[in-house]
Amino acid sequence: MKGKLVRVDLGGGGWVLEADDGKRYQLAGNVPKELDGRRVEVRGKSVESFGFLMTGDPTLEVERITAL
Amino acid sequence: MLLSLLSACAMEAPHTSGALHAFPAGPTGGTLVVDLVDGTSLDDARKATGLDLQWVAPQTEDEALAEVQVADLAEAQRALASLPLVEVAEPSIEVEAYGFPNDPMFDAQWNFDIVGAKQGWRMGGGRGVTVAVVDTGVTKVADLEGTTILPGVSFTGGSPDGADGNGHGTHVAGTIAQTTNNALGVAGLAPNAKILPVKVLTDFGIGRSEWIAAGIDEAVDRGADVINLSLGGPTSAVMQNAVRKAVDAGVIVVAAAGNSSREGVGCPANTPGAIAVSATGPDDVLAFYSSWGKEVAISAPGGDKRKTGGGILQDTIEGKGHAFKEFQGTSMATPHVAGAAAVLLSAGAGSPDEVKALLFDGAKDLGAPGWDSKYGHGRLDLGKALQMLVVRERAPLFGIAAAAAFLLSLLSGARVRFVTLLAAALTAGGAFFLAWLPVPPNAVTDLLALPILEWPSVLGRFWVGFPLWLSVVVPLVGTFVFGATRSLGPLTAGMLVGVGTHLVWGGVTGTLHPWGMAGSMALGWLVVNGVLTLGLAVATLGVTKLRDRKGGAS
């Protein structure tokens, strides 16, 4: 899935992918800070999960993330 | 050059410090006090520092004590520390008449000011109450050193003791019970409460529904009185069931409404019985990120970092050390309500329903009049809730017990003594007015401010409702030991009237809850024991009457 990686300043902070399909996904897993604001491709699976971000968007468990 | 460096410093930079050093400055600018080497002139000092230093007062020229307004206190202090002309530089600390709290960054906690934290510190501050922080874990950072943190538990497979690898849970725990009046950093809303760390979110801040459900169950099993859930996600029946069981077990469950900026409260906050919390900013308007909806029960400060100093400032982990950081979110609003619930319990609120009633009735109505889906019953106001507790329970008990002592003295033919009336009133209502005395909050006034029947609460909420304490047993012993003595008889009689009146009142109003009893059984236990205690009071007053007569005849 491709889109823009955005750092969200809620609670302790977290990552959201503004995907090209127009949807937003909370990202679970290790995301390198230097990718903040960049277009990325995320490989992972959609999971039902909970957290402190609470943006109301579905969660994507990150397996691999690469800058485009 | 130094001045331009200072003014260029980002105001919202995290306020890091080494773990061993008291953190010196607030998140914004302020007055920096600079103690110069004796004999230094103002001109030399200004040249060396590049700052427009002034003597604190004309008399301080001898001691070379100067001050200056700076944009970033922490940065200025760091920069000045290395100059040979400067002996010491530290931010000016505003000291109250009785010096409480002395936490140097407390002035930046606008959120505690508007919710009435100061009244809370004077009425128990959460003493004897356990608050479970079901979150990313809790780490004992420098400004939690004086806080009781119980052994933690983890369901994420990470650190087994519930330590925090993210910072969110530690920040949340800080809002509830940051060590207060320790001359370091910031304050907490219920600093005497015990924190139970339950790690259900990984260090990335993500968790599974079953971990959270298990964490809630575990918190109940470990004796939590309040559970803080600064987390959420899609609706989960397993999690809702765990919340329901906790609520049925008499635990107060507080949960974040969510950060979706739209209508729709997340789970577990959408579970009936949980207290769903939306977030407000420093301007008392719903925060831009906050969710809202029909389940929202109350709102509380969650911060708004778009405004300078508008976040919620607490101590949390930073690398291997700690830092005072501003966070924002309904995650930050939730622990305000959890901390307030802890304070209300320690101040003598007898049940979760009573705590909820006080929280909701005391809240400042915002938005549409009455309850609305954005602010619920309004924005948290702990100070008002505590006032209501006093007006609804303590003051009536205080008056009724004094009146009962007056009547029973007349009926038994004893002289009406002031000491008897006062003892009855203080025993039943507690010396609640001690909360307004200009002395620092402390364990002694916390205890004396409570009715005697609620004293076991300082040992832990477990002991509240211990049936033998809510009975005629202790009064009986007291009567035999002191009742017939000349000096303590009238005082004992008053205390007996106080206990008896409180037992009967507690039964009739349903505000006392002896263990394992409900409905008519609790009513029967309390009224029978109350009447027996009042009987002992009459007997004791009878003895004082005989002494009065004897005294009168001699």
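1. G14(A) is buried, since its relative accessible area is 9%, and the cut-off for buried is under 20%. Please keep in mind here and below that this is a predicted model. G14(A) belongs to strand β2 of chain A, residues 14–19. Leaving aside residues up to four places away in sequence, G14(A) touches V6(A), R7(A), V8(A) and L53(A). Q26(A) is 12 residues from G14(A) in sequence, and their C-alpha atoms are 7.8 Å apart.

2. M54(A) deserves a look at its backbone: its phi is positive, near 55 degrees, and the residue is not a glycine. M54(A) sits in the loop between β5 and β6 (59–67) of chain A. With a relative accessible area of 6%, M54(A) is buried.

3. Which residues does S260(B) touch, not counting those up to four places away in sequence? The contacts are M54(A), T55(A) and G56(A) from chain A, together with Y289(B) and S291(B) from chain B. S260(B) itself lies in the loop between β11 and β12 (275–280) of chain B. Its relative accessibility is 10%, so S260(B) counts as buried.

4. The loop between β11 and β12 of chain B also holds P268(B). Do check the peptide bond from C267(B) to P268(B), which is cis with omega near 15 degrees.

5. Now to a helix pair in chain B. Helix α7 (residues 209–221) and helix α8 (residues 237–248) of chain B have axes 8 Å apart and pack at an angle of about 10 degrees. That angle makes α7(B) roughly parallel to α8(B). From α7(B), the residues in contact are S209(B), I212(B), A213(B), I216(B), D217(B) and V220(B). They meet V238(B), M239(B), A242(B), V243(B), K245(B) and A246(B) of α8(B). By type, the residues of this contact divide into 9 nonpolar, 1 polar and 2 charged.

6. α8(B) has a span close to the expected one: its 12 residues reach 16 Å from first C-alpha to last, against an expected 16 Å at 1.5 Å a residue. Its buried residues are M239(B), Q240(B), A242(B), V243(B) and A246(B). Because they cover an arc of only 155 degrees around the axis, they fall on the same side of α8(B). The face turned away from that buried side carries the exposed residues A237(B), V238(B) and D248(B).

7. What do the buried residues of α8(B) pack against? In chain B, their partners are α7, β10 (226–229) and β11 (252–256), and chain A contributes β5 (50–51). After α8(B) comes G250(B), with a positive phi near 90 degrees.

8. N181(B) lies in the loop between α6 (168–177) and β8 (194–199) of chain B. Its relative accessibility is 27%, so N181(B) counts as partly exposed.

9. Finally, is A518(B) buried or exposed? A518(B) is exposed, because its relative accessible area is 59%, and the cut-off for exposed is over 50%. A518(B) is in the loop between α15 (489–509) and α16 (519–553) of chain B. A518(B) and V277(B) are 241 residues apart along the chain, with 30 Å between their C-alpha atoms.

Key:
Residues are numbered from 1 along each chain as its sequence is written. Chains are lettered from A and ligands numbered from 1 in the order in which they are written. This is a predicted model: local features need pLDDT of at least 70, side-chain atom pairs count only at pLDDT 80 or more; totals for chains, interfaces and linings use all residues. Side-chain values use heavy atoms; hydrogens and water are left out. Axes are lines fitted to C-alpha atoms, for helices over the stretch in contact, and angles run from 0 to 180 degrees between N-to-C directions. Helices (H or I, at least four residues) and strands (E, at least two) are DSSP runs, numbered from the N terminus. Angles under 35 degrees count as roughly parallel, over 145 as roughly antiparallel, 65 to 115 as roughly perpendicular and the rest as oblique. Contact means heavy atoms within 4.5 Å. Ala, Val, Leu, Ile, Met, Phe, Trp, Tyr, Cys and Pro count as nonpolar, Asp, Glu, Lys and Arg as charged, and the others, Gly among them, as polar. The expected span of a helix is 1.5 Å times one less than its number of residues. Buried means under 20% relative accessible area, exposed over 50%, partly exposed in between (1.4 Å probe, protein chains only). The arc is that of the directions from the helix axis to the C-beta atoms.
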